[in-house]
Amino acid sequence: MRKTNYSRLSLIIIAGLFSIGVSQISFGQGTVISNLTTLKVQTGTTVTQTGTMQMLSGGSIDNSGTIILRGNLDNQTATLTNLGTGTFQFSGTSQQTISGQNVMGNMIVNNTAGVVIGGNTEVDGALTLTRGLVTLGTNNLLLGPLALIAGTPSASAMIVPTGTGVLQKQFTDGTGVARNFLYPVGDSTGTAEYSPVTLNFTTGTFATGIAAVNLVNAKYPDPKITVDYLNRYWTVTSSGITNFACNAEFDYKVADVAGTESSLYCLRSEEHTSELQSR
């Protein structure tokens, strides 16, 4: 296997096309992709980046292979940017940030310190949750119509949509298209808790359908709920989905229960028509 190692190089690509086709290559301090420049990673090639990979406005990444990032991904382009059909693997030892608006083929999270979504991000292939939390904050993470969750989601490997950002899944019309999905979400307030949501659409029209999930690790703010309740509620919203029926399942922890668990039941808020509490 051929390997080219530039372990202490701070690579600045000034202009034109920088194409990598060897089996493995390593960059050290950081990579800056300038205006009118494309970093192209070919199929079968693995690029390891120790520092931040920064793409300035007007630059681009065309990744058909694998880019392993130990630092941040900093996309300074103002618009949504397609980074190719390949894989981005986040394997740092401190918290990593994905900045800008990015579309990726596949994404692997393998960092116990976690990954922060610093701009709306889309994954169209496999999102593999190996180790670490993916924190959305104020940004959205969209999974395309063919996207799937790989790995073993848990309290140590999940998506945290507890800010204003949501985890979105796109659904489409067509024979044989799956319309059920497990949202591997949870919260990291105090002790991290995995509380996934499963949506199974049995009927509906899904021309440009998106269903999104957000959660709060607290009692639903209704003064009428005072005795038996969960210290957790989920917000489920949809757009572009019409005439549908959906079975929804919400998993919670025993520690979430206040009062008598057998007295809990689903509650659909009239104020927020898609908010539910309990199972």
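1. A residue counts as buried when its relative accessible area is under 20%, and Tyr233, at 11% relative accessibility, therefore falls in that class. The structure discussed here is a predicted model, and the points below should be read with that in mind.

2. On confidence, the protein averages a pLDDT of 86, and 84% of the residues score at least 70.

3. Tyr233 has an aromatic partner in Tyr220, and because the ring centres are 5.1 Å apart and the planes stand at 85 degrees, the pair is edge-to-face. Tyr220 lies in the loop between E28 and E29 whereas Tyr233 belongs to strand E30, the two being 13 residues apart. Tyr220 is likewise buried, with a relative accessible area of 6%.

4. The whole structure holds 7 aromatic pairs. In one of them, Phe171 and Phe206 have ring centres 6.4 Å apart and planes at 50 degrees, so that this pair is tilted; it links strand E23 (residues 167-171), which contains Phe171, with the loop between strand E27 (197-205) and strand E28 (209-216), where Phe206 is found, 35 residues apart. Phe171 counts as buried at 1% relative accessibility, and Phe206 is buried with a relative accessible area of 1%. Ring pairs also join Phe171 and Phe206 with Phe201 and Phe244 in a cluster.

5. Lys169 lies over the face of Phe171, at 5.2 Å from the ring centre, and also over the face of Phe181, at 5.3 Å from the ring centre.

6. Of charged pairs, the structure holds 4 salt bridges. Glu193 and Arg232 form one of them, their closest N and O atoms being 2.5 Å apart; since Glu193 lies in strand E26 (residues 193-194) and Arg232 in the loop between strand E29 (229-230) and strand E30 (233-239), the pair ties together parts that are 39 residues apart in sequence. Arg232 also meets Asp256 in a salt bridge of 2.7 Å, N to O, and Asp256 sits in the loop between strand E31 (242-250) and strand E32 (257-258), 24 residues apart from Arg232.

Technical notes: Residues are numbered from 1 along each chain as its sequence is written. This is a predicted model: local features need pLDDT of at least 70, side-chain atom pairs count only at pLDDT 80 or more; totals for chains, interfaces and linings use all residues. Side-chain values use heavy atoms; hydrogens and water are left out. A salt bridge is a side-chain nitrogen of Lys or Arg within 4 Å of a carboxyl oxygen of Asp or Glu. Helices (H or I, at least four residues) and strands (E, at least two) are DSSP runs, numbered from the N terminus. pLDDT is the predictor's confidence in each residue, from 0 to 100. Rings of Phe, Tyr and Trp (its six-membered ring) pair if their centres lie within 6.5 Å; planes under 30 degrees apart count as stacked, over 60 as edge-to-face and the rest as tilted. Buried means under 20% relative accessible area, exposed over 50%, partly exposed in between (1.4 Å probe, protein chains only). A charge sits over a ring if NZ of Lys or CZ of Arg is within 6 Å of the ring centre and within 35 degrees of the ring normal.
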